[in-house]
Structure formats: structure tokens, C-alpha cells
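This briefing covers sheets, helix packing, the chain contact, confidence and backbone geometry. Please read it alongside the sequence and the model.

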Amino acid sequence: MFKPRPKQAEALAYRRGYMGVAAVPGSGKTATLSYLAAQLLAEADFAEGQEILIVTLVNTAAANFARSLNEYVKGDGLLPGYGYRARTLHGLANDIVRGKPTAAGLDDQFTIVDERESNAILAEAVDAWARRYPEAPDAYLAPEFVDKGHYRTQKWAEQLSETARNFIKQAKDNLLTPLDVGKLLDAYPGELLLAEICAEIYSDYDRALAYRGAVDFQDLIRLALKTLRQEPAYLASLRQKWVFILEDEAQDSSRLQEDILGELAGEGGNWVRVGDPNQAIFESFTTADPKFLREFIAAAGVDGRELPNSGRSTRSIQRLANQLIAWSLEHPHRAIRQRMPLSKPYILPTPAGDPQPNPPDDPTAVVLFAEAYSAAKEALMVTESCKRWLARNPESTAAILVARNTRGSEIVKFLRQAGVPYVENLNSSSSTRAVVGALARVLAYLADPKSAGKLAEAYRVWRRDDRADPAAAAEIKAASEALKRIKQVEDLVAPRLSDWLEDRIAENGDEGQFADLTAFREQVGAWLRAAEMPIDQLILTIAGDIFRDVNEIATAHMVALYLARLAQTHPLMRSPEFAAELYDIASNRRRFTGLSDDEGQFDPDAHKGVVTVTTLHKAKGLEWDRVYLISANNYDFPSAEPNDSFIGEKWFIRDDLNLSAEALAQLKALHDASGYIESAASLNARIEYAAERLRLLYVGITRARKALTITWNTGRGTATEATPLLALRTWWEGEREKEMTCEPQR
Amino acid sequence: MILADKESIALTEAQMAVARAPLDGKTWLEGIASSGKTSAGVARVLHLLERGAPAESILIFVPHRSLAQPYITALRAQNDYRGGHVSVATIGSLAQQMVDMFWFLVADAAGFKHPRDLPIFLRLELVQYFMTRAIEPLVDEGDYFASVRIDRPRLYSQIVDNMNKAALVGFPISEIGSRLKSALASGVEQAHIFEDAQTCALAFRRYCLSHNLLDFSLQLEVFRDHVWETPQARQYLRGRCKHLIADGVEEDNPASHALLGDLLESCHSALIIYDSDAGFRRFLGADPASARRLADRCDVRAALDESLVSGRAVKALGSQLAAQLSPSLAAAAGADPRPALITEAHRYHPEMVDWVARQVDMLVGQRDASPNDIVILAPFMSDALRFGLADGLRQRGIPVRSHRPSRALRDEPAARTLLTLARLAHPHWELPPTDFDIVFALMAAIRDLDMVRAKLLCEMLYRHGRLLPFDEVRAVAMQERITFALGERYDRLAAWVNRYINGERADAIDIFFRRLFGGLLSRAGFGFHDDVDAGNTAQNLVDSARGFRWSLDFFSRYDEEIDLGLDYVKMVDRGVIANFYLRDWIADADEGVLIAPAYTFLLSNRPVDYQFWLNIGSEGWSRRLYQPLTHPYVLSRAWLPGAVWTEDDEQRVSRETLGRLLLALTRRCRKAIYLGYSELSESGYEQRGLLLETIQGLLRRLAREERHV
């Protein structure tokens, strides 16, 4: 049972109007919001069809809200889902547009292209453009790369794709169609080369989407807002329906999200926004800015609240996080300081008697490494430390936090080699990838049915549930070895003149294996007969045969739909291509969101004695007993200093230009009819990026409950310790020294 | 449909009175679903024949051909055939027949450019084909529909839909744009969309007139404005329709109603059957209000208001849900609906599918329910859902049947095999099949050939787009792997194809399919031997290709040279929606649990013991089809010029539509409704449609009442 602490109770006193809540990490903001929703649900007498609309940042959070609210309605014999609707912004936009698709020029059957498809369409548009204008790279390549073919073609195209993607996204956020951008360009007095390039690509990209009857994620949001503004009667019906709007993680709210929710709440409506501006980490090249939430909370007519108490971490860890806020408020770089990347309130411990007291303090458990390690050395050191610690603390949780997926994959290799138990929370979760991998193996066999090796792989998939049993594992190994050696696969799967099973296995007298492979033969026969079915049906058939767990079956269903969509847009794809696609997902080369990722299955406390490898972004909202925050160098956490390097600035582009930033600046110039000065945007992007990375560091620190270790590496040899880390370390060492000197006196 | 024989035998008094009405009487029969209206209609036809009315003087008029099935079944069962045939017609079939018959009298006046040439009637596939030819260049060059995001086939189908609605309702196609604009356009962008839709409709019409093509709308217009105006035509049709039976007029359109009104003036007797809670096919022009006006032209009004089907709890469930949605639809019956309502909530969609299969298994195994008396319904039946259900039931040994009338031909494996072999046999098309297509075609074409051997054959013998003979496999060991028996069958297939390639001239594509099917694939040792489904598909493909050829043969005299075979294969490859084939519906009379979209089930008009309603969170249960270029209400007869379609209209219509649907479904259910609910839909989204809302409302009310008690 949720027992609110005093500050939470203040927020829970809400009954109507606008309220903004600034919360610190671990302050129970989501629990408070859930409780508020349940309270409103219990007290308000909703008319049929009325709901509380809960908007969250990620599906995981939406699913968590759903779970907790469903508990409240179960007692009444109602079906789950009564009285509320928990959505991400995309989910909400989808609901709005699907409620009246014709207002957005769509019909019922419009499809939403995922990231993969959208990238593929964009790549085609960029490719076509680059072929039309082979001289275009001259304007932007650094002189030493102008004559290098690889840079003129592949690298240029990659850079152009990235730039155009950001440009298109921003144009859509500004509600500008390709036609609008074209008109603005025509009217603009000067030359804006990047904007012209991107506008042409935008136009081609948009036409390709229209031809498919599809929209991308940005379109969905843009069209939702457009519909609300264009259809006042529809908006009124939605206002009538969603009597309360509760918004979680409001610090990452984009300008469009604010506008959509503002429209839905309306003047005099009921809108609660909860967030931590210090944890805004999704702002790069978007219209999101934590200042929106700060301004909302401070606005007249809004009931501003704070949730400053957190019982998550030890006092030492909280002090370190608070020091980062304090340091950032005095940031040595004036431009960053002015941007105020981090702001008060400071994190306070929970009051006495709180149901969630802070863990006992242990300053020695906060370690900030000064040593400059190579990337490999850092990985090795962290792996060994992790191994030792897990052995001593099998009932505790630990995580290694990385800034990038690629670094995560490197760490995983080290852990695997050292035999450290780990779980990944990177592009896709391990469980999703296991499901996809299993399906890929069976499909690969169906694509090459005479391959004994692939047949053996399919067999192992078929027996996947038995692998945990050592005796069965030995059987599986023996049988799959035998299968691998079959010369003529048809003698097993479709025997006519000779029967491999009868000839080889029956002769050996191993009845168990004979029975097992007989059953497998029937299974393979069924799969081969099913191989001609449409890909989604084939996947469902295979899934029915190899998965028992409901999450796995549901994920397989998502895979089936994903491949069916792919087949629709690529009618020439056949099993080998589908299998390759699944292998890409299984090996983490391509992102795929299975249900197990979406469903908030990732619960650190379910992985005791195991280390979680996760990106900082995916770690948001999670907590572990011990946290290793690694690679805290000036590459992953730059501070806009002269020797910092920036991911957005490519070495082959002249004058350290960040093309995406420059393109967006040109778009802004078009939109505001303002001036454009080359390079200014690239410099500004450094400041913005540095500010966001500072918040990311803050997020990383505040994931730890009891112990925190921060390390850094020299990257390719030139990276240095991140400036904020240096500042924190110096401060922390000073604090420790002070404590040490005080301790004997005590 | 197919009403059970026992029902057609045991008529109530009220039904009997309708059936035995005098031979010069005109009866308006109105009633709720499952009250025995069609049974009375069938009995009426039999009574007419019994009383000596010549079969050829009887016309049975229905909105959809499948609805005539009970009549046809009963007539076929008649033992004492006395010559002549009862005619069965829809407005479409009648219009086409009459235009064809009186073509040379009217073609000139109707504006056709070649009035002395024969007309080309276009069925669905060909409309899609010609639409692409006529409109595509215009859309591309004019940058039409810039703010619309729908793929081309759907774009064209909405333009066609607008033209059909104009013809069915009876306004000129030149008014489509202005009607839509004044009622719907809330901005400049939308106004442009409707203007573009208007331009394209007129362009297609011009194209049709200059090439003697008649799509459905033009057939109807020519029939109504020209053929029906000629005395000869009137005289002819009136002669054939002395006794009129029109069933399901609420599902028919104003054009049909106008014709029926005329025929009512001249016929000797008539029975007009109207379902008071139906009118579901709005998107196809159904207009119950226009149908109701026919009542004034009848001398007797009869009513059947007692459901012969639903149990007390089911009735209560239907009426309470409907009353909740729209009090005008039904008075809530007081009985407790809970015994008729079984539900279980699941998180994931596959869990729900599995639950449904288990419940059906329990009903069949433990409650002795017949699979024929169970239907599984959803607003839309995706292939994956249909397959998941069918598979789950078959694994439990429960037979399954399902409707898939609007599937693309290319999705049928048997059709794909024929198309692959057609590509192989026509190398000059330069569309060589992929290796995978060859593997599957070999597997499907050669009986007992497994995929491993098919793959081996393909790798060894499919070279440069040709199938080499089996003896090209040099190694005896490899020949043995394939086996000589299979090798011999392969050889016959390859030889057939190669003989065709080397022959003097190519067959027309439909003849090619027919020869391939009849001369080879249906023979013993080949894949389609004794396979009724494959035979049906092959026959559909032949029909479709023949229709294409006949139409295009004429057409090619007005246009550039066309390679009919190549164009046909390309058209099928694009995934055009197949024509309607009655054989697909008749095949449904098989035994088994029916899996179908809810409205398809209603059209089959067959009561059952148990219904499963799946995906109850889906908006599809209540919402009309949303299409940006067209609108069923604005383009209806009742629409007042200048009126604006509002959000209130939308909500009212949604509620009424769902209320009617639920009434219609529960009236076709005897014992219980099972609700399949998963929080996450098939695509992983949470859904909160009006049906779910209504059920939640009912559950909340019942819970409160219980607490109160």
C-alpha cells in the first residue's frame, strides 16, 4: 500500500486545474502520479467513456501505469482498461489521428513506417539526390577529402542522410510541409544551400511516404496537432472524454507535445505535469527543452509543487549529485552556465519514519577514478571489479552504464570472457533477441532446406526449452552433432528410398534419440509444408511449435507483423531475406521493440547477482545497488572546450561544421525570416550537447543506491577526463579529506 | 445461409399468411432479424410455383448475390421441374444484362464514342486496371492529392466508389466534388482533395466513354437514363417480372428501390422484405429510409417481430447494450444478461486467441455444441488472426471454415503456382521467376515432391529462366536422391512448359491456364489432382484472365498494342482485389466453425448457438470506414444540399451503427456470447473502442445494481 510522505501528500491534494511538479530522482513521482490517477478514478463519477489520460515518455511507463490502475478496477468486475488511457506521445497521437484520419488526408488503413523503413526511404531519396548533384560535396568536404572517392560518395551520403533526417524532423515539428519549405526558400533573400538540399530530399521523402499510404512518427504527431486545431468539434469531444490529463516525464516534452496536451486540456481544464528538468536527456535536435517545464511550473494559475525527498541513494551519492547541480550553476563555461543545464531543487533525504529510508551511508562506496585507462583496460578493470563484487553480494544488483550501445557491446564481450553473469538492456533486450534468433534459425533452414548444418540449428531451437537440464543438453548436443553429419537431408525429412533414421539411428539402438528425431522429422515436415505460407503465418506457425512462454509468443507475434509489413513494401522478399533481417535484429545490428521491451519487463531487482549492461538513456527510471558509470571522458561528456570532440562534427567536413546544426539553423532562418551566419549554429550545438550530457551524467549518478564507481578512458588515445568528472572528483576528494581529518577528532 | 430445412418446413402462422397471400397481392413484410422473413420469402416462391405461376415470370431481387442462396437451394430441391427458370438478380446484374441487350439502341445517346462497337463491361479487377491507365498519368503530372497519404490502389478505389454512389443515389458525377466540399471541407487542403477527386472521376468517365468501357456506375447510369427509358426495355423486363420477391431491401440502394418501385406498378404480385434493424452496407450505398418508401406501394403490411432464435439472456444482452448506445433502437429488456455473457481479459492478443480455441473446444467437447453452430467474429479478420484461430482449432480436431472473398488472387498458393509457370513459359515477358518461386511451384505442381528435392531440382535444372530435362542431372547418385518417380513427373512438367515455349504461337493467357490445369496439373501424379480448393482457385484465375482478355481484345482497337498475358500477370502481381466469385461463397456451406468479419456473418443470415466477438476494444466495431475522398452519408440520398457533417453526426452514427450491429448479432445467437478481450491488440496497441466502453458501462451498472441489492 502506497503511503505518501508529506510532500507527496501535498501533490495528492490536487483535485482540478493545472498543476506542475518538479521532482528529484527517486522521489516516487511515478508512484505519486499513479496514486493520484487511482484516487481521481475512485472519487470522480465519470460518465460512460470518460477517462483519465496519462501520458508517459516510453511504453514501459505506460504499461506500468496500466498495470497498477487495472488493480483498482478489478474489484468491480470490470475489464482492464476502464476509466483511464495510458499512452506515450506517439500512442496518443495515433489515437487522435485514427479518431479522424480523413482530417489528416488519411484513411483507416494508413500505416506508420518504423525507423527502419523510414531510414530506408530516406536513404533512397538521399541517394537519388546525390546522384543528381555529384558536385555537391565540394561545398562542404574539407580540402584534404575533396578528391577522395569514398568521402565524396559514401561518407557524404551518410552525412547527408543524418542532416536531412534532422532537418525533416524539425520541419515537421514546425508544421512545415515540403511545399511550405519551398515557398519560404523562394521568398528568402539570401542563399541557404543546406536548406535547399534538405528541402529537395524532404520533398522526395514525403512523396515516397504518400505513395505508400504511410506516415512516419513525426508526421503522426504533427498531424495530431493539425487535426485538433482544424477540427474544433472533434477537439471538444476529446476534451469531454479526457477529463484529466496526467503527464509524466514532462521534462522531455517537446514543443508539439506541450501544444497537443495544451489543446486537449484547454483553458480551465485539468492538467498535471510531473517531471525532473535535470533528467531531460532527449533534447538533441528536437524542440524539447527542460525550460518549458520550469516555465510551466512557475506560470501564474499553475499550482507549482516539489518532490525533493528521495530514499533511493545513500547520502554520499545524493551529495555528489547535488554537487553536480551546484557546480553546473557556476559552470566555468559562460554559455553553458547561462543555459542552466541543471537546476534546483537539490535532492533531500527522506524524512524520519518514511517507508523508504535512504540506505545507510558509506562514503567509501563512492569511487571516482582519476587514472587514465585505455578503453580495454577500463573494461577489464570494471569486469574484474564486478566479478568480485557479485561473488560477495549474490543478492544485490549491479549495472554498468555506458553512453553508447557500441561501448555496451564491447563490455558484454569482456563479461562473457570473464564468465560474469550479465543481462543486456541495449538496442533490444536479450529475451527479445533470443526469440528473434530462434525464429531466424528455423527460417534460415527453410531457406536452405538441404543444409544439414542449418537443420541441426533448427533442431536446437526446437529443443530450446530443455537446454537447462544437463542430461537433456547432452542429448541435444549428441543429436545435433549427428544431424550435422547427414549427407542427404532428404533422407531424414522426406525419406523415399533410404531412411536415415532407420539406417543410422535405429541401428545404434538409441531408442530415446530415435523417438526424439522421429518427432523432429514430423515437425520439420510440417514446417516445410508451411514454408509457402505468407511470412506472418509461417512465423506464427513456427512460434506455436517452439515457444511456450506467453511473452515469447507475444513477441513472435510482433515479429510476424513486422515481417508482414516488410513483405508488403518489399514483395520480392523471400525466406532468405527474412531470415537475414531477423539475424540483424538477433545480433543487435537492428533495433526491434519486442513486447518484452515494451512491457517494462526490465526490472533490475529481478536480476540479483547479475550485472546489467545498459545505456544511460535506457537506465532512466531504474536503480541498482551498485553502479559503474564508465567512459566518462571528454568524448562522451564534452564541455565545449577547445580540445573536446563532438559526435556531430565530422573530421571530413570543413571548418568543424556540424551539418545538422547548420541545416537546422538555416531552417530557423527561413521560419523566422532571420539571418544566418555559418558556424554559429555548430558552436551553439556544442553548448547544447554539453548541457545535455551533463544531465546524462546526473542521471547516471542518481541510478546508484549504495555504491557508485565512475571511470574514464582515453578512447582512441586522445580523450581526457570529462571536465565535470574532474570537478566532482576534486570536490569529493576534498570532502573525503575533510571527513578523514574530522573523524579522529570525533 | 442457409436456413436449416427444419425452419423452412415448420412455418409459423404469420409466415404462412405471407407465403400464401393471393397471387395478385403486394405484401410489405417487415421484421427483426431471425424472425423468419426469408423463410417466408422462400415459401412464397414455392407457393407461387405450386399455384402455377410460370417460373420465368418470377424475379427474386437481392442486394447481394449470396443472399439469394436460400431461394436457389429451395428451388433446386424442387422435384417437379416444369420448365423455365426463376430469375435471380441484383441491380448490378440486371443493369448489365439490360444494357448489353439494348446496347445498340442507346449507346449513341449515352455518349459513347464507338456506339457501333460492342460494350466492354468492367468487373472489379478491370476497373482497377483501367483506372490505373486512365488516371495515373494525370495524378502524377498534376501533382494531385498532394496532401493525401493513401496508396494508389486505395486512392483509385475511392474515386470509383464516389462514382458508384452517384449512380446508385442518382446524382450526376459532376456534383461529387461540390457535395463533399460543402459538407466536409474544413480547410483549403481538403477542398483541394475533393476538387482533385472530382477531376479524376470526370477524366475516368471520359476515358470510359471514348473506349466503350462500362464500369458499374456507367452501367447503372446507362440503364437508368437510357435503357429504362426505351419502351422495349420496359416491356421486356415487366414481362419477366410478373411476380416479384425482393429480399433485404434495407441493404439495397436508391437505384434498386427506384427500379423496384417501377416494377411494383406493373407486377401482379410482390413480396418486399425489410429488416427493421439492419441497413449495414451504408458504404455500398444501402439506404433503409429509401427502402421504407416502398411500403406505400404495397397493399398489405405484415410484420414478424418475434425472434425465433435468441434465448432470454441473449435477448436481454442485445437490447440492453443497444439501449445503452441509442435509446431509440431498443427498450432494455429486464432479464439478467449475465448468463449469456462470458468473458476473460488477457494482456496479449495471442493469449486471447488461445482462450477462444480452448472455449470452442470445451463447447464442442463438453457441451455437445456443433461446430456449425459456433461463429468467431471480429470487425476485421486479418490473415494472421484467421490463421491463428484456424490453426488452434484444427489442432484440437475442430473443423473450421472461413470467408475470404476479397482476397487478392496472388495470395492464393495455387494461383501463384500457375502464375510462376506462366512466367516460365513466356520468356519474352522478361519476368523470370525467382529460384524460390520455382521451388514452390515445383512443390505445388508435382505430387509428393518435398522442398529439399524441389530445391535440388531448382539448383541443378533451372538455368537462365528455363527448366532443363531431368537427364541433365548427370550423376546417377543425384538422380537417385531425387528418385526416378519424381524425376519422371518433373520431366513431364518441364517438357510441357518447354513444348509450349517452342510451340508456334502463344496461347491466350486464360487458355494457357486452362490447358496447364486440365492437361497436366489436375492429372494423377500432379499437385492439383483431387484438390477442390486448388481447382476452384484455378477456375477463378481462368475466369479472371478470360474476362481480362475479352475486354482487352476489344479495347486494343482503341489503344496501343497490349500484350494481354503480360499485362494480366503484372496486374495480378500488383495485388488487385479479385472479382466476386460465387463459388467462394458456396464453398462456405461446408461444415465447421465459421471465422468471419462480423458483417460478413450477418450477410450470410444464419443463426447459431454461440458467438465469439473478438478484439472488442477495436474501433472497427462501431466506426464506418474512414476514407478521405468519399463519404457514405454525404453521398447518400437523404443528404440535404448545403448541410455540414458534424462531430455530433459522427458520434450519433457510430452509436447507432454499433447498436444495430449488436442487435442483429444477438438476434442471430441462441445461447451465449463470448467476448475475446486482450489489452494489447494484434499490433501491440491498447484499444478503447465504443464496444468496449459500452460493455464496461453494462458491467459497471450490473455491479452497482448487485451492490445495491
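Two strands pair if DSSP finds at least two bridges between them. Helices (H or I, at least four residues) and strands (E, at least two) are DSSP runs, numbered from the N terminus. This is a predicted model, in which local features need pLDDT of at least 70 and side-chain atom pairs count only at pLDDT 80 or more, while totals for chains, interfaces and linings use all residues. Residues are numbered from 1 along each chain as its sequence is written, and chains are lettered from A and ligands numbered from 1 in the order in which they are written.

**Sheet with β1 of chain B**

- Six strands of chain B make an open sheet with parallel pairing, in the order β3-β2-β6-β7-β1-β8.
- The edges are taken by β3 (87–89) and β8 (300–304) of chain B; each has a single partner strand, so one side of each is left without a neighbour in the sheet.
- From one strand to the next, the twist averages 15 degrees (axes are lines fitted to C-alpha atoms, for helices over the stretch in contact, and angles run from 0 to 180 degrees between N-to-C directions).
- Strands β1 (residues 26–31) and β7 (residues 269–275) of chain B run parallel and are joined by six bridges. Within this pair, B:Trp28 has B:Ile272 of β7(B) as its bridge partner.
- Helix α12 (residues 254–266) of chain B lies across β1, β2 (58–61), β6 (243–246) and β7 of chain B, and runs at about 150 degrees to β6(B).

**Sheet with β10 of chain B**

- A further open sheet of six strands in chain B has the order β9-β16-β15-β10-β14-β11, again with parallel pairing.
- At its edges are β9 and β11 (400–402) of chain B, each of which pairs on one side only.
- The twist in this sheet averages 20 degrees from one strand to the next.
- Four bridges connect β10 (residues 374–378) of chain B with β14 (residues 593–597) of chain B, and the two strands run parallel. B:Ala378 is bridged to B:Pro597 in β14(B).
- Helix α14 (residues 312–325) of chain B packs on the sheet and touches β9 and β16 (669–678) of chain B, with its direction at about 55 degrees to that of β16(B).
- Helix α15(B) also packs on the sheet, where it touches β9, β10, β14, β15 (608–613) and β16 of chain B; its direction makes about 155 degrees with that of β16(B).

**Helix pairs**

- In chain A, helices α5 (residues 115–132) and α6 (residues 149–173) pack at about 125 degrees, with their axes 10 Å apart.
- α5(A) and α6(A) are therefore oblique to each other (angles under 35 degrees count as roughly parallel, over 145 as roughly antiparallel, 65 to 115 as roughly perpendicular and the rest as oblique).
- The α5(A)–α6(A) contact includes A:Leu122 and A:Val126 from α5(A), and A:Trp156 and A:Leu160 from α6(A) (residues are in contact if their C-beta atoms, placed from the backbone, lie within 7 Å).
- This contact of α5(A) with α6(A) has eight nonpolar, one polar and two charged residues (Ala, Val, Leu, Ile, Met, Phe, Trp, Tyr, Cys and Pro count as nonpolar, Asp, Glu, Lys and Arg as charged, and the others, Gly among them, as polar).
- In chain B, α17 (residues 413–425) and α22 (residues 509–521) pack at about 115 degrees, with axes 11 Å apart. That makes α17(B) roughly perpendicular to α22(B).
- B:Leu418, B:Leu421, B:Ala422 and B:Ala425 of α17(B) meet B:Ile509, B:Phe512, B:Phe513 and B:Leu516 of α22(B). By class, the contact of α17(B) with α22(B) has eight nonpolar, no polar and no charged residues.

**Contact between the chains**

- 56 residues of chain B are in contact with 63 residues of chain A.
- Helix α28(B) gives the most to the side of chain B that touches chain A, with six residues.
- That side of chain B divides into 21 nonpolar, 15 polar and 20 charged residues.

**Confidence and backbone geometry in chain A**

- Chain A has a mean pLDDT of 89, and 96% of its residues reach 70 or more (pLDDT is the predictor's confidence in each residue, from 0 to 100).
- Residues 595–599 of chain A have pLDDT below 50; beyond near neighbours in sequence, this stretch has 21 contacts in the model. Where pLDDT is low, the predicted coordinates should not be read in detail.
- The peptide bond from A:Lys344 to A:Pro345 is cis, with omega near 15 degrees. A:Pro345 is in the loop between α14 (334–339) and β10 (348–349) of chain A.
- A:Ser631, a residue other than glycine, has a positive phi, near 60 degrees. The loop that holds A:Ser631 is between β15 (624–629) and α28 (659–672) of chain A.

Methods: Contact = placed C-beta atoms within 7 Å.
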